Amino acid sequence: MQRYSILWADDEIDLLKPHILFLEQRGYDITPVNSGSDAVELCEERHFDAVFLDENMPGMSGLEALGIIKNNKPNLPVVMITKNEEEHIMEEAIGSKIADYLIKPLNPSQILLSVKKIFDNKRLVTEKTNLNYQQEFRKISMAFMDEMNHEAWADIYKKLVYWELELDTSDSNDMKDVFEAQKTEANANFAKFIIKNYEKWLNDANSDKPLLSHQLMKKKVFPELSPGKPVFMLLIDNLRYDQWKVIEPVIAEYFNVEKEETYYSILPTTTAYSRNAIFSGMMPAEMAKLQPDLWVGEDEDEGKNNFEDSFLEKQIKKNNLNIKFSYHKIKNLEGGRDLADSINNLFKNDLNVIVYNFVDMLSHARTDMAMVRELAPDESAYRSITKSWLEHSPLLEIFRKISEKNAKVIITTDHGTIRVKRPFKIVGDKAVNTNLRYKQGKNLGFEGNKVMQVTKPERLFLPKVNVSTSYVFAIEDQFFAYPNNYNYYVNFYKDTFQHGGVSLEEMIIPIISLSSKNAS
């Protein structure tokens, strides 16, 4: 067991001998000094794992010593000890990034707790997290044996995300491996659930069904419209539920989270289908039939999401809403800055829809650029980059400016992504689309049944390019690969984040309602 060395500076150090002996008996090496200047000098000469500083010492005070020690060794944990409970002293010490603050008279348990927080915090948190997850593991695994509905699956996914984020802080790779196995099992069972129920959701009016993409505006956004209080709907493309949870603390500096919900993306879980469904209020086959001038099919080269504003305008009229609205799509840093600069002009509108494409760009960049793949090799790093981006992006400035006014904010997305690991061989003609998680075509060939095959696209309200068109969706963490150049294809796309298929991460996605903390 590692022995830790502690420097303890107090002008009455002799009176603290019982406390020093108490710590030494528990394996800590204590070096006592009786002045702030001695503490500074010893810190420069020797290595210590922590420093205890009395605030009120003659000569150089504890606060003065703290400033010098932190300037020289900013990562050295310092515990400030004082008889003085004045607020300004506490604030100065905390502002100097102390590890803890203890009030005299001291007691042994108080000191030991402080020491353990410094030296054993990560180990204790890891042990407790692992123990708690082990207890939850069985409950989650037992749930897979039950006949779960869409709400139960959303709850299971939220629990899995919670434990994934908790285990992120753990040093135990063994428990992370156990979690990954359970998440894989969850996705296998979820795929069976979707294959069994998805068609029923769309065709049986009496079925127990979740909120789907094409219902989002009518059910969750339009009801929030009220005179004098604009609604800002921020759709961050590709935002998974776990990514929302890591950016939530950043957003929470400006907003209260009034309601955190999830809804289900339609299939395919791609921008062309799910986001157009959001803004049109229709399923893909309905868009293709009723608004062919706006719908762009798989067989066309034109961009698939160039008419979202027109779809939105038509949906607003269809719902007889007499409102002023704006639509902005942000594709780059300059566009984000321009919107942040002009955001005050939008408060005169009833509804402002902002589509922010960063997370989508990140997932594609991760596929195409080796450097980005190095920076985000797994889900944990992917989440970290998402949070870092938000903290330094114009979007945070947009959030800050909205928070200063009386406005309603809704954050959502169109679909999530999944890190694909296992290739699945499929063959098709030249007209087959290029997406790695679903295929549409008339001559799709594959072996086995570890996919979701749709031979009647009209039952899923999907367009048919010709009479024999079918769809095949990848499930779990699979991705489609052609036999030609198979090894190159697999090596290039394995461990990339993709969307279009059936998984918890792609289909169960967040919709968050916020209210400002700072509205004037």
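Predicted model: local features only at pLDDT ≥ 70, side-chain atom pairs only at ≥ 80, totals over all residues.
**Exercise 1.** Classify the ring pair Phe255 and Phe399 by geometry, and state which parts of the chain the pair ties together.

Solution. 
- Step 1. A pair of aromatic rings is described by the distance of the centres and the angle of the planes.
- Step 2. The model holds 33 aromatic pairs, counted with centres within 6.5 Å. For Phe255 and Phe399 the ring centres are 6.1 Å apart.
- Step 3. The planes of Phe255 and Phe399 stand at 75°, and an angle over 60 degrees counts as edge-to-face. The pair is therefore edge-to-face.
- Step 4. Phe255 belongs to strand β7 (residues 255–264) and Phe399 to helix α18 (residues 394–403), so the pair ties together parts that are 144 residues apart in sequence.
- Step 5. Phe255 and Phe399 are both buried.

**Exercise 2.** Find the rings over which the charged ends of Lys405 and Lys425 sit.

Solution. 
- Step 1. Lys405 places its charged end over the ring of Phe347, 4.5 Å from the ring centre.
- Step 2. For Lys425 the ring is that of Tyr486, with the charged end 4.7 Å from its centre.

**Exercise 3.** Describe the open sheet of 5 strands, its edges and the helices that pack on it.

Solution. 
- Step 1. The strand order is β2-β1-β3-β4-β5, and the pairing is parallel.
- Step 2. β2 (28–33) and β5 (100–103) each have a single partner strand, so they stand at the edges and one side of each lacks a neighbour in the sheet.
- Step 3. On average, neighbouring strands of this sheet are turned by 20° against each other, direction ignored.
- Step 4. β4 (residues 78–82) pairs with β5 over 4 bridges in the parallel sense; Asp100 in β5 is the bridge partner of Val79.
- Step 5. Helix α1 (residues 17–25) touches β1 (4–9) and β2, and its direction makes about 155° with that of β2.
- Step 6. Helix α5 (residues 108–119) touches β1, β2, β3 (50–54), β4 and β5, and its direction makes about 175° with that of β5.

Definitions and conventions:
Residues numbered from 1 in each chain as written. Heavy atoms only, no water. Phe/Tyr/Trp six-rings, centres within 6.5 Å; stacked < 30°, edge-to-face > 60°. Helix = DSSP H or I, 4+ residues; strand = E, 2+ residues; numbered from the N terminus. Buried < 20%, exposed > 50% of the residue type's maximum accessible area, 1.4 Å probe, protein only. Lys NZ or Arg CZ within 6 Å of the ring centre and 35° of its normal. Pairing = 2+ DSSP bridges. Axes fitted to C-alpha atoms, helices over the stretch in contact; angles between N-to-C directions. Contact = heavy atoms within 4.5 Å.
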